[in-house]
Amino acid sequence: MSLKSLLAGVVGFTSAGIAATLASMPTAARPPAPDVPANPLLAPWTGPYGGVPPFDRATVELLKPGLEAGMAEQLAEIERIAADPEPATFDNTLAAMERSGRALARVRTVYGIYSSTLNDDAVQAVEREMAPKLAAFEDQVTQNARLFERIAAVYESREKSGLTPEQQRLAWVYYTDFVRAGARLDPQAKQQLAAINQRLATLYTRFGQNVLADENDGQLVIENEADLAGLPESVREGAAQVAVSRGKAGRWVIANTRSSVEPFLTYSARRELREKVWRMFVNRGDNGGATDNNAVITEILALRAERARLLGYETHAHWRLENTMARTPARAMQLMEAVWTPAVARVREEVADMQAIADQEGGGIRIEPWDYRYYAGKVRKAKYDVAETEITPYLQLENLREGMFHVAKELFGFQFKPVDPARVPVYHPDVRVWEVDDPAGKLVGLWYFDPYARKGKRSGAWMNAYRPQERFDGEVRTIVSNNSNFMKGKPGEPALISWTDAETLFHEFGHAMHGLSSSVQYPSLAGTAVARDYVELPSQLFEHWLSTPEILDRYALHYQTGKPIPKDLVDRIRQAERFNQGFDTVEYLSSALVDMKLHLAGAQPIDPDRFERETLASLGMPSEIVMRHRTPQFNHVFAGDGYSAGYYSYLWSDTLSADVWEAFTEAGGPWDKAVARRLYDDVLSVGNTVDPADGYRAFRGRDAGIAALMRRRGFPVPVVAAPADKAN
Ligand SMILES: [Zn+2]
């Protein structure tokens, strides 16, 4: 699963600064004093490919002054737009907005990378100081009354002023974003809103830092080799390397991160250690003491409810969903509930299968949450004769990366070429860069790849646009990145990844392809800057190509023998594709349902622990599964506004991606060129220049229903029309 860029889609009007501090700020327009070198983070990017981020000159110390100068510069630009004596036009208002804030966008790209991948005490201090200032800055922009008047004027005359459809869409995006951010409130309400947003920014930062602290500090140290029972060589090696990095050479360490914990729960034969590791992981942010997130959550929920009321919405969820495909919480709930019941029924079957094996083994074990992954592996072996350990030797990270490039080339003609490391600086030695060209050899953009786990890197995987594509003032090529937390191989050996990791790799590459395919005029509408519940369509779609015979035969090569994965193993993998869908769906959906219900609960004070417990009980949550993200560690929802009341988006998007996949299989199969062309034209390249429901309909000739999703997961297909059928 991924998080979108801090920047994607917000170029042009998101940035920050408190009025009181502005007077003393340097502005980029003012020449620097002779003995003070200009901040390289602010300067236009130089070098090949239309300029690249100056990672060779970036330091933590430059972030704060860079952000402050960038904010000041954009405020000055916005003041000029707002004070223009000419009547508001598209060019002097919206195009001018698109041109503004460039220096700040450049600094924020580097700031975002430091926050998510190079996070240490120094970066955290900058985050704590700058998060509320950036929030205040954003409010200062959206609350500028003269600016909003001009935006509203352009918006209201959009149909009769000769604007292109894309320009009209941009006018709509600016207008609705400003209104939704409180542009129409009275001055007193604006002040209240700004205070709430600044407090929320502080709390989001604290929430994320608390989770990271528990992930960094928690660990299981294994002294005795016998306690490694069941772990395959690659997992033992990973644990040995983590131990080395934590000054415990000669021992083994299971870190408190998903990439360490999940393999341990899958393989460890030591049940009491599985329970220990499981408890450590699911209690992140919930341990009392300085890093406990419960009080933070209560305050965030109260502030969000108050903000929604100020803005005129029933709840935070209603506010968040208004500009999504789902549009209302009720429609998102309807989809989740339609899938929840069959998923829970499937879990009952899965648990029965696991219990049968446990009973056969004797020992009187009743399946508990720390047993699920371990016994699921045994069931898969028994039912489909597929063991993860049998597959992993064929899943070399670098080969699969070549496999993704193959998909991009076959479907869209994109060609990936490695960039000479001497030409393009990177922020960490693990990062590599590829140039991406179109079929005619014309540059499309750059792809940065940062695959490995390390301390200070946020867990999970995500795509980030360092620079969105745009064309209105001359062609600007995009720069995108994929980030994940895979384990490195033994020294001298390739990195081998799990099947789930391989799916994640393809998922994030789908986001990257969305960014690289962008072909629009205005950066605010480019690439992945689309509705939250539409953005996971390309990513979840790309996962499907991993298990095609073409990719596995050519790229899943054994790391020792170089031989391709055997045909019969591929067949068995494909037969097992719907295996464990009960677990996967319930683990995800319980988190999505709790997220939505927390944000529908309104203004009463919420005790997160109790709310979670009672909500899960009322849903009939199977006791053998825990939420994928328990409330105190739910970064998607509480480390920012991003996926708040929005975790359902993955399911919503998956109704679409499952339906797109069927468009391929109904036609010539996964490599059908005509379907790929339509996908590029109507979905991938258009960004947010069209309403997603319209774009989808143009691609498919109809709306997506729930049927393809249910088939994909192996659940019964309901006869009643699904919510997504009415996605208009
Ligand atoms: Zn994603």
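The following legends describe views of a predicted model.

Local features are given at pLDDT of at least 70 and side-chain atom pairs only at pLDDT 80 or more, whereas totals for chains, interfaces and linings use all residues. Residues are numbered from 1 along each chain as its sequence is written, and side-chain values use heavy atoms, with hydrogens and water left out.

**View 1. Overall fold of the chain.** The chain contains 28 helices and 7 strands (DSSP runs numbered from the N terminus, helices being H or I of at least four residues and strands E of at least two). Its radius of gyration, taken over C-alpha atoms, is 25 Å, close to the 27 Å from the globule rule for 728 residues, so the chain is as compact as a globular protein of that length. That rule is 2.2 Å times the number of residues to the power 0.38. The C-alpha trace spans about 85 × 60 × 60 Å along its principal axes.

**View 2. Burial in the chain.** Of the 728 residues, 61% count as buried, that is, under 20% relative accessible area with a 1.4 Å probe, protein chains only.

View 3. T478 is placed in strand β7, which covers residues 478-486. This residue is buried, with a relative accessible area of 3%. Leaving aside neighbours within four places in sequence, T478 is in contact (heavy atoms within 4.5 Å) with V444, G445, L446, R467, P468, Q469, G515 and L516.

**View 4. T478 and the backbone of R467.** A polar atom of the T478 side chain lies 2.6 Å from the backbone oxygen of R467. R467 is also among the residues in contact with T478.

Notes: Buried < 20%, exposed > 50% of the residue type's maximum accessible area, 1.4 Å probe, protein only. Polar contact = N/O pair within 3.5 Å; in protein donor to acceptor, adjacent residues only side chain to side chain.
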